[in-house]
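Have a look at the structure first, then work through the points below.

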Amino acid sequence: MEIVMNDSILQKELDKANAYLRAKDPAEIIQWALGQAERPILTTNFGPYSASLVHAVNTVAKDIKVIWCDTGYNTPHTYRFANDLIKRFGLNMHIYSPKLTAGFRDITTGIPQINTVEHKQFTEEVKLEPFRRALKEHNPDVWFTNLRKDQSDFRSSLDILHFDKNGILKVSPFFYHSEFEMELYLQEFALPNEKKYYDPTKVLAKRECGLHL
């Protein structure tokens, strides 16, 4: 089953594709999506359960471009975790950082309180702007991400496939996996997890930073 990749695709076609993929496992979803792609990317934050998507996509597309927007505020544990995964899988990494360093911000402004204009600008500068740079440079048509239905109310309204505001087909192979099922996947493939991850643009677990809105 194929999906026509253009801006005029009908919602019913997307619904049909999602229904088709719902019974597939992550590897099958990834294989299907790669069949639609000319310029696929994989994004990761090297946070909880990130090794699952990295492993699943890397297994069938070892040279795929892996995008990481490093805010500069990750924990030492997360940086070590990222370095280990990059080396283990030989990832084709493309790392994007803010134009101002975390050290400079620590001295000048710090991390603003959430739900303020200052925090919105902070999120724009440390995550959204670097990610827009990544999209401009790589111009992807398919974007693999680790969104899951149980992560937030907003994400529960999505599906395995959906188009973002730029017309990129976002593919979430683990969308219907529960946290328990994610744990089982990590165990099955002897993958590490990273639970000391901290995102200063979200702070709260179910809060969106804007990257996937």
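Two strands pair if DSSP finds at least two bridges between them. Helices (H or I, at least four residues) and strands (E, at least two) are DSSP runs, numbered from the N terminus. With that in hand: six strands make up an open sheet of mixed pairing, in the order 3-2-1-4-6-5.

A word on ground rules. This is a predicted model, where local features need pLDDT of at least 70 and side-chain atom pairs count only at pLDDT 80 or more, while totals for chains, interfaces and linings use all residues. Residues are numbered from 1 along each chain as its sequence is written, and side-chain values use heavy atoms, with hydrogens and water left out.

**The sheet**

- The edges belong to strand 3 (92-96) and strand 5 (161-163); each has a single partner strand, so one side of each has no neighbour in the sheet.
- On average, neighbouring strands are turned by 30° against each other, direction ignored. (Axes here are lines fitted to C-alpha atoms, for helices over the stretch in contact, and angles run from 0 to 180 degrees between N-to-C directions.)
- Strand 2 (65-69) pairs with strand 3 in the parallel sense, over five bridges, and K65 has N92 of strand 3 as its bridge partner.
- Strand 1 and strand 2 also run parallel, joined by three bridges; L42 stands opposite V66 of strand 2.
- Between strand 1 and strand 4 there are three bridges, again in the parallel sense, and I41 is partnered by W143 in strand 4.

**Helices on the sheet**

- Helix 1 (residues 11-21) lies across strand 5 and strand 6 (169-171), at about 155° to strand 5.
- Helix 3 packs on the sheet as well, touching strand 1 (40-43) and strand 4 (142-144), and its direction makes about 155° with that of strand 1. Contact means heavy atoms within 4.5 Å.

**Helix 3 against helix 4**

- The axes of helix 3 (residues 50-60) and helix 4 (residues 76-89) come within 11 Å and cross at roughly 15°.
- That angle makes the two helices roughly parallel. (Angles under 35 degrees count as roughly parallel, over 145 as roughly antiparallel, 65 to 115 as roughly perpendicular and the rest as oblique.)
- Helix 3 passes helix 4 in a right-handed crossing. (A crossing is left-handed if the near helix is turned anticlockwise from the far one by less than a right angle, and right-handed if clockwise.)
- On the helix 3 side, S50, A51, V54, H55 and N58 make the contact; on the helix 4 side, F81, L85 and F89 do.
- Sorted by class, that's five nonpolar, three polar and no charged residues. (Ala, Val, Leu, Ile, Met, Phe, Trp, Tyr, Cys and Pro count as nonpolar, Asp, Glu, Lys and Arg as charged, and the others, Gly among them, as polar.)

**Helix 3 against helix 8**

- Helix 3 packs with helix 8 (residues 179-188) at an angle of about 55°, the axes being 9 Å apart.
- The pair is therefore oblique, and helix 3 passes helix 8 in a left-handed crossing.
- A51, S52, H55 and A56 of helix 3 meet M182, Y185 and L186 of helix 8, giving five nonpolar, two polar and no charged residues.

- A61 sits in the loop between helix 3 and strand 2.
- A61 is buried, at 9% relative accessible area. (Buried means under 20% relative accessible area, exposed over 50%, partly exposed in between, with a 1.4 Å probe and protein chains only.)
- A61 and T78 are 17 residues apart in sequence and 24 Å apart in space, C-alpha to C-alpha.
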